[in-house]
Amino acid sequence: MKKIRWGIIGTGRIAHKFAEALKGCEEAELCAVASRTMEKAEKFAAEFGFRKSFCSYEEFAERSEAEAVYIATPMASHFNDAMLCLTHGKNVLCEKTVTLNSAQLEILLKTADENGLFFMEAMWMKCRPVYLKAKEWALSGRIGDIRFIKADFSNTVPYDGNDRLFRPDCGGGALLDLAVYPVTLAADILGNEPAEIISSAHISDCIDLSNTIIMRYPDGSYAAADSGFELTLRNNAVISGTKGMIVFGDGFFYADDITLYDENRRPVESFSCKDKINGYEYEIGEFCRCLNSGLTDSPLVPRSGTAAVMRILDECRRQWGLKFPQE
Ligand SMILES: NC(=O)c1ccc[n+]([C@@H]2O[C@H](COP(=O)([O-])OP(=O)(O)OC[C@H]3O[C@@H](n4cnc5c(N)ncnc54)[C@H](OP(=O)(O)O)[C@@H]3O)[C@@H](O)[C@H]2O)c1
């Protein structure tokens, strides 16, 4: 497999984890990193072994030889950063939530198409072997007809008005930061077009601190997703069917194991898989595989799924009367 020349924009927490995985992937070449300050760019490049460092995202887009770019900046910056890369001929892996809303995402996808470039949401959950096994079990009828999905994700974070998580101008709130995972699970298994969405949120200072979302599908099946910065949840997920259920370990989107139970709640089969590095290696592998195959869309993380989740998140905010200052 041809090695892909990778670049990273932003040198924060997740960029460090991603770079650690990138370093261990034989299909990846560590090409360049961009930060807003030279000191951080050089430190990051030295730590992981990137050949070049840039102290401006624009300069990186114009001058670096990276052909794939991982965008690891805060939510509200994704649109501009991804546009910068796409208009300079670079393929993009963009952190979740990819944009603030569907309107921004549509422009990004159109730009990717116009330039014949690959674009993928960094929804690492969808590339992990444990998740793929759960999906295989669910969609091959192992638990009968799927009727219900329950998934939750909380992080207890004390309020800090300066933190991006609580700032409306940064795309703050539990919806975009946390709910994107349970909603993605529901849409991936039950479908991209719920017939009905019922949601409610605890809103404070123009962001949601917690929320609950029900997605009802035309065949009567439904999903329930809860998330929040002020809750303590198991962060687990259950896919329930007429003949059994699939239970993810706690931290469902990074869980190492799942168990399939029959309709009498007796365990039937378990599957476990420890990450080779830290879990981000699978999305890197998927990205490199797709790019080397000449694809512009990933079969595991299709653009249609990303767009569907974005529409659901938009609808929740519409129901809550919540807009970001950019809207
Ligand atoms: N996949 C996952 O498991 C996962 C986990 C956590 C977060 N995320 C996502 O990853 C993205 C980044 O999250 P993070 O926790 O890594 O954030 P972070 O630690 O705050 O890092 C973000 C980086 O973006 C750059 N940046 C550009 N404009 C900025 C601005 N106006 N304010 C602050 N930083 C700015 C900075 O890098 P420079 O100073 O070098 O330019 C900063 O270090 C978010 O979209 C988040 O939702 C994903």
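Two strands are taken to pair if DSSP finds at least two bridges between them, and the elements themselves are DSSP runs numbered from the N terminus, with helices (H or I) of at least four residues and strands (E) of at least two. The structure described here is a predicted model, in which local features need pLDDT of at least 70 and side-chain atom pairs count only at pLDDT 80 or more, while totals for chains, interfaces and linings use all residues. Residues are numbered from 1 along each chain as its sequence is written.

Under these criteria, strand β7 (residues 146-154) pairs with strand β11 (residues 237-241) in the antiparallel sense over five bridges, and alanine 151 stands opposite alanine 237 of β11. With strand β10 (residues 222-228), by contrast, β7 pairs in the parallel sense over seven bridges, phenylalanine 148 standing opposite tyrosine 222 of β10.

An open sheet is formed by six strands in the order β3-β2-β1-β4-β5-β6, with parallel pairing. Because β3 (52-54) and β6 (119-121) stand at the edges, each with a single partner strand, one side of each is left without a neighbour in the sheet. From one strand to the next the twist averages 20°. Strand β5 (residues 91-94) runs parallel to β6 and is joined to it by three bridges, with methionine 120 of β6 as the bridge partner of leucine 93. Helix α2 (residues 38-48) lies across β2 (28-34) and β3, and runs at about 165° to β2; axes are lines fitted to C-alpha atoms, for helices over the stretch in contact, and angles run from 0 to 180 degrees between N-to-C directions.

The axes of helix α7 (residues 174-190) and helix α9 (residues 303-320) come within 9 Å and cross at roughly 125°. The two helices are therefore oblique to each other, given that angles under 35 degrees count as roughly parallel, over 145 as roughly antiparallel, 65 to 115 as roughly perpendicular and the rest as oblique. Residues making the contact (C-beta atoms, placed from the backbone, within 7 Å) include Leu175, Leu176 and Ala179 of α7 and Gly305, Ala308 and Val309 of α9. By class, this contact has eleven nonpolar, two polar and two charged residues, where Ala, Val, Leu, Ile, Met, Phe, Trp, Tyr, Cys and Pro count as nonpolar, Asp, Glu, Lys and Arg as charged, and the others, Gly among them, as polar.

The ligand is surrounded by 19 residues, the closest being Gly10, Thr11, Gly12, Ile14 and Ser35, with a residue included if its C-beta atom, placed from the backbone, lies within 6 Å. Helix α1 (residues 13-23) supplies the largest share of this shell, three residues, and the shell comprises seven nonpolar, six polar and six charged residues.

Conventions
Contact = placed C-beta atoms within 7 Å.
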